[in-house]
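Trainee: I would like to go through the terms used for this structure and see what each one rests on.
Mentor: Then ask, and we will set each value against its definition.

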Amino acid sequence: MTSRPEETNHNMDSEICILGAGPAGLMAAICAARERAGVTVVEANPSAGRKLLVTGGGRCNLTHDATIDEFVRAFGEAGRFLRHSFHEMSPTDVRTFFHDRGLPTTVEADGCVFPAGGRAVDVREVLLTEAEQAGVRLRYGSPAIGVALLENGFAVATARDIVRTKRLIVATGGVSWPQTGSTGDGYRFAAALGHTVVAPKAALVPLLTQQKWPGNLAGVAVPDVRICAERGPRKIASVGALVFTQDGLGGPAAQDISRLLADELANAGSDIGLYIDLLPQTPLPQLDGQLQQKLSAYARKSISNVLADLVPRRLAATLCTLAHCDGETQAAQVSRETRRAIAALLKALPVNVTGTRPIAEATVTRGGVNRKEIDPKTMTSKVCTGLYFAGEVIDADGPCGGYNLQMCFSTGALAGRSAACSLSDEAPSTV
């Protein structure tokens, strides 16, 4: 669906103005308009939902099949802050929202929820159609330049005009994937209106390793691993798919542990030891027994070919090298010590992480508007009357698997409804 561009006005009045037409901004607009508020959405890009279209590899993992309590735990320190918003629009509510508008969803084995057609564009179309039918005014190609306080609201200066509004919802995202429009402008506006902004860091981002061998495996994927890091008394772990990259580790398992170590990884010169369990479902004694049986059963095969039954072939060859074993050695010639060394690597492959890829390549941003300055029951600012926040601009981030989009929908819905309802509590007046 394409929107009709509106004529440029010197000034335009609106009861609620929303900065950003991503998932949080669109859901806020829909929920506010349903409460009969006049809503204008200001978007810098020529179209809505640029980042939404590339989530989940273009398939849009829009939520996760989990309870609200599980969502709260997944968000760690931010979970308590988000609980009320998750009740306002739960994971079940998100699926129902799209299903009722002709877009059913499917749940995959790992709990990830996708639109049945596997197309992110379908998710965007539902949101845009609903917004248009609710009377939301969408203004594309109108980057917000500045925000000023008025006696009874705000003035939003855009590249096209000035929007005067009673309520302002900032839903501009973080600084990850700036090519989609997430350039951190919301932080600047929040700070100008009196808010503290927690310095942004990369979260859900590929890792850089000290070792060079991952680069030789670039593109090789292992569907189910467990990555562990011991940080003093803490043991941190993530599970999921792993993809080796030119300079380290990628895929959901690596990105999830990058989020858990985000604060440490943001410090220059960090070197964090990780261990990758390539076969997490098989305990070490059982794995050693299986290896022994395979080596006996395929005595004339090379050791690397035998290992290729357990892990991708290129990874098998690398494991042999790391175990100081010639991959072409016949299985019958492999010593007990070498077999045990290989088994140990399969269960605890060591790598040293020296940092992350740039924040621009992170799936989400850690940091943003300090959540202590936001009322979790309404998403309204505690320091500036009439100001609301939604989505990734807030200092809250979750793991891979639809958690962050759910947060955008939930906080967007809460901010939109709260802003609209606050209008009905005041005496009628012109903006």
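Mentor: Start with the salt bridge: a side-chain nitrogen of Lys or Arg within 4 Å of a carboxyl oxygen of Asp or Glu. Keep in mind that this is a predicted model.

Trainee: What makes the contact of Arg188 and Asp185 a salt bridge?
Mentor: Their side chains meet at 3.7 Å, N to O. The cut-off is 4 Å, so the pair qualifies. Both residues lie in helix H6, residues 185-192, three residues apart, or about one turn of the helix.

Trainee: Why is Arg188 called partly exposed?
Mentor: Its relative accessible area is 42%. Buried means under 20% and exposed means over 50%, so a value in between is partly exposed. Asp185, with 28%, is partly exposed as well.

Trainee: How many salt bridges does this rule give?
Mentor: The count comes to 22.

Trainee: Which parts of the chain does the pair of Arg357 and Asp247 link?
Mentor: First the contact: the two side chains form a salt bridge of 2.8 Å, N to O. Arg357 is in the loop between S16 and strand S17 (364-369), while Asp247 is in the loop between strand S13 (234-245) and strand S14 (248-250). The two are 110 residues apart, so the pair links distant parts of the chain. Arg357 has a relative accessible area of 28% and is partly exposed; Asp247, at 28%, also counts as partly exposed.

Trainee: What makes Arg366 and Asp263 a salt bridge?
Mentor: The N to O value is 3.9 Å, and the limit is 4 Å, so the pair counts. Arg366 lies in strand S17 and Asp263 in helix H9 (residues 262-265), so parts 103 residues apart in sequence are tied together.

Trainee: Is Arg366 buried or exposed?
Mentor: Buried, because its relative accessibility is 18% and the cut-off is under 20%. Asp263, at 43%, counts as partly exposed.

Trainee: Why are H3 and H14 called roughly perpendicular?
Mentor: Helix H3 (residues 79-88) and helix H14 (residues 403-424) pack at an angle of about 80°, with their axes 8 Å apart. Angles from 65 to 115 degrees count as roughly perpendicular, so the term applies to H3 and H14.

Trainee: Which residues of H3 and H14 meet?
Mentor: On the H3 side they are Leu82, His84, Ser85, Phe86 and Glu88; on the H14 side, Gln406, Met407, Ser410, Thr411, Leu414 and Arg417. The residues of this contact divide into four nonpolar, five polar and two charged.

Trainee: How do you know that strands S12 and S15 pair?
Mentor: Pairing needs at least two bridges, and three bridges join S12 (residues 221-231) to S15 (residues 272-277), so they pair, running antiparallel. In S15, Tyr275 is the bridge partner of Cys228. S15 is also joined to strand S16 (residues 349-356) by five bridges, again antiparallel. There, Val353 in S16 is the bridge partner of Ile272.

Trainee: What makes the phi of Leu204 worth a remark?
Mentor: Most residues other than glycine have a negative phi. Leu204 has a positive phi, near 55°. Leu204 is found in the loop between strand S10 (197-203) and strand S11 (207-209), and is buried, because its relative accessible area of 1% is under 20%.

Trainee: Where is His324, and is it buried or exposed?
Mentor: His324 is in the loop between helix H12 (313-322) and helix H13 (336-347). At 77% relative accessibility His324 is over the 50% cut-off, so it counts as exposed. The phi of His324 is positive too, near 60°.

Definitions and conventions: Residues are numbered from 1 along each chain as its sequence is written. This is a predicted model: local features need pLDDT of at least 70, side-chain atom pairs count only at pLDDT 80 or more; totals for chains, interfaces and linings use all residues. Side-chain values use heavy atoms; hydrogens and water are left out. Helices (H or I, at least four residues) and strands (E, at least two) are DSSP runs, numbered from the N terminus. Axes are lines fitted to C-alpha atoms, for helices over the stretch in contact, and angles run from 0 to 180 degrees between N-to-C directions. Angles under 35 degrees count as roughly parallel, over 145 as roughly antiparallel, 65 to 115 as roughly perpendicular and the rest as oblique. Contact means heavy atoms within 4.5 Å. Ala, Val, Leu, Ile, Met, Phe, Trp, Tyr, Cys and Pro count as nonpolar, Asp, Glu, Lys and Arg as charged, and the others, Gly among them, as polar. Buried means under 20% relative accessible area, exposed over 50%, partly exposed in between (1.4 Å probe, protein chains only).
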